[in-house]
There are 2 protein chains.
Amino acid sequence: MAHHMSERSGVATISLSLDEIGALANRVFSQNGCDEANTQALTRTVVTAERDGSLSHGLFRIPGYVASLRSGKVNGKARPVVTHKTPVVVSVYGENGYAPLAIERGVPVLADAAKKMGVAVMAMTHSHHFAALWPETEAIAAHGLIGMACVCYMPFVAPHGGRKPIFGTNPISFAWPRPGKTPMVIDMATAAMAQGEVQIAAREGLQVPLGTGLDSRGELTTNPNEILSGVLLPFGGYKGSAIALMVELLAAGAVGERFSFEAAEADNKDGGPPRGGEFMLAIEPKLLAGPDWAEHCEKFFRRFEALEGARLPGSRRHKNRPAGGKRDINADLVARIRALCQ
Amino acid sequence: MAHHMSERSGVATISLSLDEIGALANRVFSQNGCDEANTQALTRTVVTAERDGSLSHGLFRIPGYVASLRSGKVNGKARPVVTHKTPVVVSVYGENGYAPLAIERGVPVLADAAKKMGVAVMAMTHSHHFAALWPETEAIAAHGLIGMACVCYMPFVAPHGGRKPIFGTNPISFAWPRPGKTPMVIDMATAAMAQGEVQIAAREGLQVPLGTGLDSRGELTTNPNEILSGVLLPFGGYKGSAIALMVELLAAGAVGERFSFEAAEADNKDGGPPRGGEFMLAIEPKLLAGPDWAEHCEKFFRRFEALEGARLPGSRRHKNRPAGGKRDINADLVARIRALCQ
């Protein structure tokens, strides 16, 4: 997608291998206040995003990550604390660090609980989430479990019928394990478009589809810059708005962390992500559906994959994955990241 | 909505009180093979639908209910069996009856597990679901718990990009408890329009919005009859299609019951609902978010309700509820139901 956009808009790119991307990320995090554990978790997050072509969640995020490390809003040396509130409720206190390390520490505990009991939830607080959600739901699926995750953010999205923001772009991810195969992974903003995608469209001088958002006067516009100073809309009208509401309630209300409007009020506006929560759910299909669950589900997947024109969510991203070659990265972005290495 | 449609299309209606609706439902179910427990559970489902103006899930469904009782596909004397597979996995075997009695027996067990442990799931099998989902998620919310429910059906909906059906209209419901208040309740088909709504539009001679579905040649149409012989589309493009897929996987794959395509292949096509499963989730917010969870969430709800143009899901239905007066019911439908009383 980066390549495609670049070709259309003629933006200069630099070719980097995944190792080179990892080395760059490692350097910038370790030189901006992160300890070894946080540096490695953040680097893994950036590299897997670039590996899968998940452009808006990789290197693109680094200036924001660094801004909040430098302002002191985010703790680069956070030691996440994982506890059981009940045998199936896992609590992760993020100590105001970035989410990746807290997720890496919490998911195995969540997965153990779900494997034993059939279902478990994880409530993450005091953490700063600035990446995609599929790394955590894919990690749950790698344990053979159904995974779901939700976060909210800052109010950028108006509910259906409204013109003022209250929701974050509120992504939801859902992963379905397929033993011996790549899992089926949904990861989508409940906004008509993720804010990172709107920012990239603005940077590359592209228009966005009508219905993506409203300008500051509350009128529909295709100009991404006008939407960034106005408001995004949920996908899919009132039904998408209901899903955005569900995500907001799970990620903040169920977890006991800030709603998007509270996060914005408390944030220091340094350009990095506000403090927030994350809701995660893991389900052991074997304990609900019995030992033949996977074989049964593959019947469905085979039928789905035979449908002309249809595509399983996540399959485009997973197709990018085996391409071990270099990635074309926006040259300005690389220069900015290098300048952040002291 | 019945009234509104009737006014526009000039369809004759009969005024019935909720007691009269209940008496009619009770008579038709008990005279068509239901025992007392199933008759009462089905009657409650019909009456609460009509009470809330949930037109497509009340009396409208009775001819279908009766068709499957008469064909022998559905067991009117089913005794649902509720068991614990683990302390947080509740299994309900429906004995091929209609869902309402199985739900009424299962939900208290699910709620007890969630209250003790923080989260629990319910996997319902061998049941025939032909109603809305909000009765069960509202019942979960009445226990002070967050509730979610999913069912699939028969393939009427093409995935985004496809032209052949694989999903049911695949509703999802999500209820949020608000102590001392009516809960917030989402209940929506993941199809652009519920099949019952398309059928009602066809009956009343109305058009449906473009994007609701494709005709039998795979072309967009606003004619509900053409869609009924063609295919529905998911709401919200590829994102809504992903939610429809999630519902299909939870309601069938996670539960160990028939996918929509399997349900259609096994069904006797008597006009009533096929055998299927239901997935339910209940979460105790107190055990995740702590004792102040409700007060925290009300801050969010107050802010939401203050937004000009925005409306909480379920609020229109809940507004219909206190109106204790008579309901205007399609006269032909009442005549057909009366004729089904032997």
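Visitor: What makes a residue buried or exposed here?
Guide: A residue is buried with 20 or more other C-beta atoms (placed from the backbone) within 10 Å of its own, exposed with 12 or fewer, and partly exposed in between.

Visitor: And the model?
Guide: It is predicted: local features need pLDDT of at least 70, side-chain atom pairs 80 or more, while totals for chains, interfaces and linings use all residues. Residues count from 1 along each chain as written, chains are lettered from A and ligands numbered from 1 in written order.

Visitor: Where is A:Thr83?
Guide: In strand 2 of chain A (DSSP runs: E, at least two residues, for strands; H or I, at least four, for helices; numbered from the N terminus).

Visitor: Buried or exposed?
Guide: A:Thr83 is exposed, because 11 other C-beta atoms lie within 10 Å. Its C-alpha atom is 36 Å from that of A:Phe235, 152 residues apart along the chain.

Visitor: What's the strand order in the sheet?
Guide: In chain A, seven strands run 2-3-4-10-5-6-7, in an open sheet with mixed pairing (a pair needs at least two DSSP bridges). Strands 2 and 7 of chain A are at the edges with a single partner strand each, so one side of each has no neighbour in the sheet.

Visitor: How do strands 4 and 10 of chain A pair?
Guide: Antiparallel, over seven bridges. A:Met122 has A:Met280 of strand 10 as its bridge partner.

Visitor: New topic. How many residues does each chain put into the contact?
Guide: Chain A gives 55 and chain B gives 55 (contact: C-beta atoms within 7 Å).

Visitor: Which element of chain A gives the most?
Guide: Helix 9 of chain A, with nine residues. Helix 12 (293-305) of chain A is among those supplying at least two.

Terms used. Two residues are in contact if their C-beta atoms, placed from the backbone, lie within 7 Å.
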